[in-house]
Amino acid sequence: KKLGIALVGLGRYSTNQLAPALEKTKNCRLSGIVTGSPSKEKAWKKKYKLPDSNIYNYENFDEIAGNEDIDIVYVVLPISMHKEFTIRAAKAKKHVICEKPMALNAEEAQQMVKACKDNGVLLAIGYRLHFEPFNQRVMELGQQEVFGKVKSIKAVDNSNMTGGSLDLWRLDKERAGGGPLMDLGIYCVQAAIYTMGKPPVAVRAKFGEVTHPAYFRDVEQSITWEMEFDEGVVANCEASYADEEEKNSLSGKAEDGWWKLEPAYSYEGKKGETSNGKMEFPNIYEQVKQMDAQAESFRNNQNPKTPGEMGLRDMKILMAIYNSAKKEGTRVEITY
Ligand code: NAD
């Protein structure tokens with residue numbers, strides 16, 4: 001039987017990526033929605049043939065507890081709402097997939113992990129790149145030392161928010177927790193760690209200059225940081241909301257070779273090269289593979305590949321990066 005997923009929050013990611021992916025998944029299917037907009041209720045009900053009994057709003061969401069059609073709640077809301085809906089889903093005894101970054105800070109992430117444990121449900125973070133062939137190859141190249149020991153890493157994830165609306169939750173610290181570090185930098189943090197196969201011991205960071213003050217009154221416009229691993233390996237990283245080229249890449253240098261993905265994190269069009277030549281992998285529908293793998297773990301009562309504990313670890317790193325940036329690049333050690 002396919003496990004039923006209810007999407008909470010029907011914004012761009014749910015609409016354009018997750019719901020279409022759930023028409024192709026083998027282990028799970030879209031069985032419910034949770035939304036604050038009555039107009040979306042109607043449109044989604046029709047498009048995905050959902051019964052009224054599987055449609056909830058943010059107020060009556062807890063009634064999902066008695067609904068046997070729904071096994072998994074997928075939280076796809078602004079970051080400030082991740083904790084509340086993860087904990088409410090756990091109390092309703094549903095497994096949870098929560099989007100990245102997991103929460104506003106490490107304390108919230110800790111409470112989310114605990115709530116899922118206390119209620120006997122499993123928690124996965126929507127880190128889709130763990131299921132994607134180009135990034136999986138980088139994990140192998142780095143962790144299995146295919147070209148010898150890793151010497152350095154560079155990870156960049158930039159977008160361009162300037163020129164668009166000023167009224168976005170991503171530009172509002174209360175709902176987003178921060179700027180491009182939270183939304184995009186998380187990909188660089190993840191990438192450096194899955195290249196090395198271990199988390200960093202310390203970080204140093206600096207905020208970039210604000211050249212678009214109308215947009216960046218509340219959250220940083222850009223940030224650069226270093227992640228220091230044991231044995232002195234350093235990952236140099238950058239995340240920006242004001243890069244017209246919207247660069248995104250992941251590269252590594254090792255003793256006997258190198259690799260580079262560009263784009264590395266976009267949904268489509270990934271390309272990769274190593275010192276041995278071009279990487280040949282298909283571009284796949286990542287969210288299909290991700291949700292199928294996570295549903296399979298839930299079904300077997302196994303902790304997923306990208307568990308809540310991984311999200312918590314990453315929140316500790318993001319907070320250390322902000323702490324360092326606030327102190328003009330002071331080295332901040334991280335304890336896990
Ligand atoms: P979005 O702005 O398109 O959608 C957010 C949804 O939340 C909307 O439906 C909105 O109506 C609803 N909402 C409820 N309360 C709100 C409030 N107070 N303010 C604003 N919106 C509110 O955002 P999105 O791009 O779909 O992102 C949602 C989550 O998914 C975020 O955590 C984001 O980081 C994550 N995401 C992940 C990926 C990925 O590749 N894994 C890609 C995009 C987004």
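Here are some friendly notes on the ligand site and on a few backbone details of this structure.

1. Before you start, keep in mind that the model is predicted. The residue numbers used here run from 1 along each chain as its sequence is written.

2. Begin with the ligand. It has 21 residues around it, and the ones that come nearest are Arg12, Lys100, Arg128, Trp169 and Arg175.

3. Now look at the oxygen atoms of the ligand. One lies 2.7 Å from a backbone N or O atom of Arg12. For Trp169, a polar side-chain atom lies 2.8 Å from a ligand oxygen. Tyr187 also places a polar side-chain atom 3.0 Å from an oxygen atom of the ligand. So how much of the ligand does the protein cover? On its own the ligand has 830 Å² of accessible area, and the protein covers 81% of that.

4. Where does the ligand sit? The space it takes is the largest pocket. Two elements give two or more residues to the shell around the ligand: α1 (12-21) and α7 (180-196).

5. What kinds of residue make up this shell? By class, there are 10 nonpolar, three polar and eight charged residues. Both domain 1 (3-128 + 288-306) and domain 2 (133-283) contribute, with at least three residues from each.

6. Next, turn to the backbone, where two peptide bonds deserve a look. You can find Pro101 in the loop between β5 (95-98) and α4 (106-118).

7. Another cis peptide bond runs from Glu262 to Pro263, and here omega is about -5 degrees. Pro263 belongs to the loop between β12 (257-261) and β13 (272-274).

8. To locate Glu231, follow the chain to the loop between β9 (222-228) and β10 (234-240).

Methods. Predicted model: local features only at pLDDT ≥ 70, side-chain atom pairs only at ≥ 80, totals over all residues. Heavy atoms only, no water. Near = heavy atom within 4 Å. Polar contact = N/O pair within 3.5 Å; in protein donor to acceptor, adjacent residues only side chain to side chain. Areas by Shrake-Rupley, 256 points an atom, 1.4 Å probe, with all protein chains shown as cover. 1 Å grid on protein atoms, 1.4 Å probe; cavity = no way out; pocket = protein on both sides within 12 Å on 5 of 7 lines; lining within 4 Å. Sits in = over half its atoms within 2 Å of the grid points. Helix = DSSP H or I, 4+ residues; strand = E, 2+ residues; numbered from the N terminus. Nonpolar A, V, L, I, M, F, W, Y, C, P; charged D, E, K, R; others polar. Domains from an automatic or database assignment.
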